[in-house]
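I opened this model to look up a few local features and the overall layout. The entries follow in the order in which I checked things.

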Amino acid sequence: ISSNLPNGDMLFNSISASFNYGEKSAIIGNNGVGKTTLFSILSGKTNPTSGNIDKQAAMAFLQQNVSAQKGEIAEVLGIKKIVEALDKIEGGDFDEKLYDIIGQNWDIKSVAEKLLTDLNVYKHLSDRFEYLSGGEKEKILLAKMFLSEADILLFDEPTNNLDYQSKQKFYQMVLETSKGVVI
């Protein structure tokens with residue numbers, strides 16, 4: 001693939017790569033060389049100037065800047081509807097539609113809470129995302145990536161807002177729990 005800047009200058013040209021299931025790779029380079037643009041193209045958010053991406057698996061992408069999303073943590077994690085369905089069933093509502101929403105995710109609340117604890121985020125799934133610190137937001141977005149069912153995880157500078165201990169935990173989790181492709 002190739003990509004040009006808006007003024008027409010070439011950012012990068014003829015990049016070719018393949019990533020196999022289970023591989024963990026890093027893209028390294030100075031500021032301004034096009035790493036973020038490359039991730040945007042790989043994720044499908046931006047089109048390359050030339051070439052194409054042949055992805056044969058589901059992909060999740062954590063962008064470089066901390067999200068300005070608003071809502072409950074469960075909503076940001078993408079599990080709010082499942083959590084609500086679980087709460088309704090626990091409250092005595094046994095509508096068949098609730099079971100369809102939950103699917104095989106009966107333990108999603110405990111899985112999400114354990115993941116947040118592992119990332120040193122001691123918040124409730126109902127807490128508001130927008131009131132969290134930059135580091136807490138980043139950790140929740142990392143948790144979202146680990147909760148996703150994507151086979152390809154793209155992380156664009158995921159440790160920018162993390163302290164040393166949190167960075168170490170993130171790298172440990174990537175190595176120990178990610179089974180697909182991690183870039």
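**Helix 1 and its end**

I started just after helix 1, where Gly44 has a positive phi of about 90°. Helices here are DSSP runs of H or I with at least four residues, strands are runs of E with at least two, and both are numbered from the N terminus. The model is predicted, so I note that local features need pLDDT of at least 70 and side-chain atom pairs pLDDT 80 or more, while totals for chains, interfaces and linings use all residues. Residues are numbered from 1 along each chain as its sequence is written, and side-chain values use heavy atoms, with hydrogens and water left out.

I then checked the cover of helix 1 (residues 35-43): 7 of its 9 residues are buried. Buried means under 20% relative accessible area, exposed over 50%, and partly exposed in between, with a 1.4 Å probe and protein chains only. The buried residues are Lys35, Leu38, Phe39, Ser40, Ile41, Leu42 and Ser43. They pack against strand 1 (3-4), strand 2 (10-12), strand 3 and strand 4, where contact means heavy atoms within 4.5 Å.

**Whole chain**

I counted elements next: the chain has 7 helices and 5 strands. From the N terminus on, they run β-β-α-β-α-α-α-α-α-β-α-β. The C-alpha atoms fill a box of roughly 60 × 35 × 30 Å along the principal axes. Of the 183 residues, 38% count as buried. I also looked at sequence separation: among contacts between residues at least 6 apart in sequence, 62% join residues at least 24 apart.

For charge, I found 19 positive and 25 negative side chains, and the centres of the two sets lie 4 Å apart. Lys and Arg count as positive, Asp and Glu as negative, and His and the chain ends are not counted. Each charge is placed at NZ of Lys, CZ of Arg, CG of Asp or CD of Glu.

I traced an open sheet of 3 strands in the order 3-4-5, with parallel pairing. Two strands pair if DSSP finds at least two bridges between them. Strand 3 (59-62) and strand 5 are the edge strands, each pairing on one side only. Strand 4 (residues 152-155) is joined to strand 5 by 2 bridges. In one of these strands, strand 5, Val181 is the bridge partner of Ile152.

**Ser178**

Is Ser178 buried or exposed? I read it as buried, because its relative accessibility is 9%. Ser178 sits in the loop between helix 7 (164-177) and strand 5 (181-182). Its side chain reaches the backbone oxygen of Val174 at 3.3 Å. A polar contact is a pair of N or O atoms within 3.5 Å; within protein, one must be able to donate a hydrogen and the other to accept it, and residues adjacent in sequence count only if both atoms are side-chain atoms. Leaving out residues up to four places away in sequence, Ser178 touches Lys24, Phe146, Leu153 and Met173.

Most residues other than glycine have a negative phi. I therefore noted Asn120, whose phi is near 60°, and which counts as partly exposed because its relative accessibility is 31%. Asn120 lies in the loop between helix 5 (108-118) and helix 6 (134-147). Glu157 has a positive phi near 50° and lies in the loop between strand 4 and helix 7. Glu157 is partly exposed, with a relative accessible area of 28%.
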